[in-house]
Amino acid sequence: MQAAVLIVEDEPDLAALMALYLEKDGVNVCVAGSAEAGLKNLAATHFDLVVLDINLPGMDGFEFLLALRKESAIPVIICSAREADEDLILGLGIGADEFVTKPVAPRVLVARIRAMLRRSRLAEPTTHKLFFGPYTLDTEGFLLSRNGERVILSGKEFDLLIFLATHAGKAFSVKELYDAVWGNAYGDVGNVGVYVQRLRKKLEENPQDPRLIETVHGKGYRFNAVMLQRKAHEAEN
């Protein structure tokens, strides 16, 4: 699946130029003209990185970053005309991953974004066992067990479950899931809903009231991160 970047920038011409260069580099881009709009986009769509200005109408970039860090560890590059050391220290201190001073050449910004995306993916947890509810999922061995009893899944059911579980808490559209799991190799996007229903019948206590694979209205589906984290915490204890 292509990387997706959210640009939070209130200067339309500058935002459009950033988006143009990123899209030429194969990145999916969404532009928000305010911090409030950016937070709404993040609540509705999965992004791999945020490019953030500080001087924004209404809520400023620092306030945006504080709100974001309560919910997500997504990489953030601050791109701002403010050069004071205090701004850099504050931005990095409250959760930014990098601070770039404007003006910056678009191709240089694209290179920094690409490097950040590579680093964030390399830093993803390498553990191959996930725990949720009564289940243990071995993502390398393609094994799923419920209270020690093996649960039989098809190859594509495993692919979909592993993708959702390893991105717990993130909402994906049907198209995003199809691109990530099926890779446009065959079939159509309708397969996503079919396989979600198959997984729910096999995993949910009540498939009509799913607690693991949730429907996000207007978006698609999301794996319940609370279930995953709760079981992981119990396993540590």
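Okay, let's start with charge. The protein chain carries 27 positive and 33 negative side chains, and the centres of those two sets sit 7 Å apart. Bear in mind that this is a predicted model.

While we're on charges, have a look at D138. You'll find D138 in strand β7, which covers residues 135-138. So which side chain of opposite charge is nearest to D138? That's K129, 5.0 Å away. A salt bridge here needs a side-chain nitrogen of Lys or Arg within 4 Å of a carboxyl oxygen, and D138 has none, even though D138 is buried. What does D138 touch, then, once we skip residues up to four places away in sequence? The answer is H128, K129 and L143.

Okay, zooming out to the whole fold. We've got 9 helices and 12 strands in the protein chain. On overall dimensions, the C-alpha trace spans about 60 × 45 × 30 Å along its principal axes.

What about packing? If you take contacts with a separation of 6 or more, 56% of them come from residues 24 or more positions apart.

Last bit, the surface. The protein chain exposes about 12500 Å², and carbon and sulfur atoms supply 51% of that.

Methods. Residues numbered from 1 in each chain as written. Predicted model: local features only at pLDDT ≥ 70, side-chain atom pairs only at ≥ 80, totals over all residues. Heavy atoms only, no water. Helix = DSSP H or I, 4+ residues; strand = E, 2+ residues; numbered from the N terminus. Contact = heavy atoms within 4.5 Å. Areas by Shrake-Rupley, 256 points an atom, 1.4 Å probe, with all protein chains shown as cover. Lys, Arg positive; Asp, Glu negative; His and termini not counted. Charge placed at Lys NZ, Arg CZ, Asp CG, Glu CD. Buried < 20%, exposed > 50% of the residue type's maximum accessible area, 1.4 Å probe, protein only.
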